[in-house]
Amino acid sequence: MIKECEYHQDEHRQLIRRVFAGILTFVILILLTIFLIWIILRPTKPRFLLQDVTVFAFNLTSTGETPSITTPTPNTLTLTIQVTLTSLNPNSKIGIYYNKLDAYASYRGQQISLATGVPETYQGHRDISVWSPILYGSAVPVSPFLSEILRQDLTSGGVLLNIKVNGRVKWKVGTWVSGRYHIDVNCPAFIRVAGDKGSDGFGVSGPAVKFQLSQSCVVDV
């Protein structure tokens with residue numbers, strides 16, 4: 001009787017090992033298939049292009065006061081611009097999901113506008129998507145050092161901004177969808193802003209001016 005129980009226990013253990021080995025083999029085959037598909041298709045990151053920038057307002061304002069520990073930086077920047085961005089999916093067999101994209105403007109490493117959300121988009125094979133977000137910042141504090149450089153740029157008649165897009169992308173192959181990958185897009189934009197100079201500020205606040213750029217962007221995924 002004892003031997004019979006031991007026999008059944010051994011048989012039960014062997015069954016568990018076989019089931020576990022079968023599941024493990026199935027998982028390995030699935031992962032291997034995904035890996036081979038990934039290697040064969042070789043997904044290429046999307047290509048971004050900054051088509052144009054429309055400047056509605058770009059004003060650097062100073063109160064003329066000397067900043068202190070208790071007093072905020074008296075230099076502020078107010079801007080309203082609209083940019084047109086295009087994205088190309090260069091892959092012939094892979095789709096791209098764009099999730100939680102935010103666009104904003106920066107100047108010499110400092111963000112100078114609020115982040116504007118870009119609509120979530122699915123991009124088919126070799127498809128092109130176009131976005132036209134409006135970027136704005138109201139009385140954004142600027143350090144004295146940076147404001148002096150910006151004032152010099154404004155005096156010379158041109159400012160180099162960086163239009164940036166951050167978010168997540170997912171790859172789609174057939175019915176399979178990958179996990180999320182971080183995407184960073186950096187588009188340099190040189191705009192001419194020769195405008196009115198007042199006693200307490202410098203910039204442009206007249207009619208909107210549109211600049212056609214067709215500037216390629218740097219994309220990191």
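Visitor: Why is Arg151 called partly exposed?
Guide: In this predicted model, Arg151 has a relative accessible area of 24%. Buried requires under 20% and exposed over 50%, so a value of 24% falls in between and Arg151 is partly exposed.

Visitor: What makes Arg151 and Glu148 a salt bridge?
Guide: Their closest N and O atoms are 3.6 Å apart. The cut-off is 4 Å, so the pair qualifies. Glu148 is also partly exposed, with a relative accessible area of 38%.

Visitor: How are Glu148 and Arg151 placed along helix α2?
Guide: The two are three residues apart in the helix, which means a separation of about one helical turn. An α-helix has 3.6 residues a turn, so residues three or four places apart point the same way.

Visitor: Which residues of α2 are buried?
Guide: Leu146, Ser147, Ile149, Leu150, Asp153 and Leu154. They cover an arc of only 160° around the axis, so they lie on the same side of α2. Phe145, Thr155 and Ser156 are exposed on the other side.

Visitor: Why is Asp153 called buried?
Guide: The relative accessible area of Asp153 is 17%. Because the limit is under 20%, Asp153 counts as buried.

Visitor: What is the salt-bridge partner of Asp153?
Guide: Arg108, with the closest N and O atoms 3.9 Å apart. Arg108 lies in the loop between β3 and β4 and Asp153 in helix α2, so the pair ties together parts that are 45 residues apart in sequence. Arg108 is exposed, because its relative accessible area of 53% is over 50%.

Visitor: What makes Asp52 and Lys210 a link between separate parts of the chain?
Guide: Their side chains meet in a salt bridge at 4.0 Å, N to O. Asp52 belongs to strand β1 and Lys210 to strand β14, so the bridge joins parts 158 residues apart in sequence. Asp52 is buried, because its relative accessible area of 7% is under 20%.

Visitor: How many salt bridges does the whole structure hold?
Guide: A search finds three.

Definitions and conventions:
Residues are numbered from 1 along each chain as its sequence is written. This is a predicted model: local features need pLDDT of at least 70, side-chain atom pairs count only at pLDDT 80 or more; totals for chains, interfaces and linings use all residues. Side-chain values use heavy atoms; hydrogens and water are left out. Buried means under 20% relative accessible area, exposed over 50%, partly exposed in between (1.4 Å probe, protein chains only). Helices (H or I, at least four residues) and strands (E, at least two) are DSSP runs, numbered from the N terminus. The arc is that of the directions from the helix axis to the C-beta atoms.
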